[in-house]
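Please read them against the coordinates.

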Amino acid sequence: MYIKNAWYVAGWANEFGEALNRVVILEQPLVMYRKSDDKVVALEDRCPHRLLPLSKGKRIGDDVQCGYHGMTFNCEGACIRVPGQDNVPSSAYVCTFPVVEKNNIVFIWMGEKSKADEKLIFDMPEFNSNLWHVHQGDALHLKANYLNVAENLVDPAHVSFVHPTTLGNAASENVPVHVDTQGDVLVAWRWIRDAEPVGFFQKFGGFEGNVDRWHYYYLHLPSIAVIDFGSADTQLNLDEADRDKGVRIFALHFLTPVNEHYTIDRWLHIRNTAIDDEAASAQMDAMFRIAFNEDKEILEAIDEQEHLPQTRKPIRLAIDKGPTVYRRRIRDRVELETTEDLGEPVGSTFFHHE
Ligand code: FES
Ligand SMILES: [Fe+2]
């Protein structure tokens, strides 16, 4: 269940250097490294001769020499040397994948190269504004399917129960979730008005009385989530459109599906408070780590459960609209990708005469 024609995150920019780095995305092993001109490249990590991963070989300038019999490939994937023979067979090549670095994140296109449009790469203006502070967090490894992880990121209803000490509290348990599935990005949100601040905002908002708190979950297909959450003094009676006037934080999650049961969630946050305060970044990281490990525990337990023989279908509740639409869209796009090159349906060749 993977959409191939999409930009996925291969890693943070600082994960790639001179060394040959093996990365697996959508079950596709890749060898990635930074060339002498600083650009990151991605080649199929499989020598076409005896299949040794090229990441086990070594770099010769910007090229890669296989560690078994020395076949050498350039950054375009072409074989430029076969030791012991002069001719290079036409089948001696490895596939390459388009890579673009943006906002210190390395994106890779896993589908048809001709469709790789850089304008489709995720971005938001806050990355490049001095009113906001961007802080790179960490990479959370989960033994779980990326669809379940993404579902969790368009699901504000779990927050009161899974994150009671950091991101949620009992005040939000029964507040309905709104969902908008009109556009390309799915949105689920809710406001909790006039309630005690949650742990996170007690710490970073300095609020003394009650606050209005919001959670907006934006899910960009296939697997990037932006969680916009914040709080403002209840006295302000903040309008939904004025969230910048409160203490506002975007927690971004870039999910990389490794295989059916393994996902890497690289997360960072962008905030409009404590902009020059690196100590606040570390404190927020610590709170996020608590919260995201709570999600990890839930998601891995669900994955284990899904491995067992199933006798009944899981039920769906009112809170599941976002996740349900998400899964349907992924299914539709995967189906489209697998059928669009087959051409138009074949017309009837049988004529019935009255
Ligand atoms: S396996 Fe790579 S050259 Fe033989
Ligand atoms: Fe969560």
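1. Model and numbering. This is a predicted model, in which local features need pLDDT of at least 70 and side-chain atom pairs count only at pLDDT 80 or more, while totals for chains, interfaces and linings use all residues. Residues are numbered from 1 along each chain as its sequence is written, and chains are lettered from A and ligands numbered from 1 in the order in which they are written.

2. Overall dimensions and burial. Taken along the principal axes, the C-alpha atoms of the protein chain fill a box of roughly 80 × 75 × 40 Å. The chain has 354 residues, and 33% of them count as buried (20 or more other C-beta atoms within 10 Å of the residue's own, with C-beta atoms placed from the backbone).

3. Secondary structure and contacts. The protein chain holds 5 helices and 18 strands (DSSP runs numbered from the N terminus: H or I of at least four residues for helices, E of at least two for strands). Of the contacts between residues at least 6 apart in sequence, 56% join residues at least 24 apart; a contact requires C-beta atoms, placed from the backbone, within 7 Å.

4. Domains. The assignment gives domain 1 (7-118) and domain 2 (124-333); such bounds come from an automatic or database domain assignment. Their C-alpha centres lie 34 Å apart.

5. Domain contact. 10 residues of domain 1 are in contact with 9 residues of domain 2. On the domain 1 side, strand 1 (7-12) and strand 2 (21-25) are the elements that give two or more residues, and strand 1 gives the most, with 3 residues.

6. An open sheet of 7 strands has the order 12-18-17-16-15-14-13 with antiparallel pairing, where pairing needs at least two DSSP bridges between two strands. Its edge strands, strand 12 (133-142) and strand 13 (178-180), each pair on one side only. Within it, strand 15 (residues 211-220) and strand 16 (residues 224-233) run antiparallel and are joined by 10 bridges. The bridge partner of H215 in strand 16 is F229.

7. Helices on the sheet. Helix 4 (residues 278-307) packs on the sheet and touches strand 12, strand 17 (247-259) and strand 18 (262-271), with its direction at about 25° to that of strand 12. Helix 5 (residues 321-339) also packs on the sheet, touching strand 13, strand 14 (185-195) and strand 15, and its direction makes about 170° with that of strand 14. Angles run from 0 to 180 degrees between N-to-C directions, and axes are lines fitted to C-alpha atoms, for helices over the stretch in contact.

Notes:
Two residues are in contact if their C-beta atoms, placed from the backbone, lie within 7 Å. A residue is buried if 20 or more other C-beta atoms lie within 10 Å of its own, exposed if 12 or fewer, and partly exposed in between; C-beta atoms are placed from the backbone.
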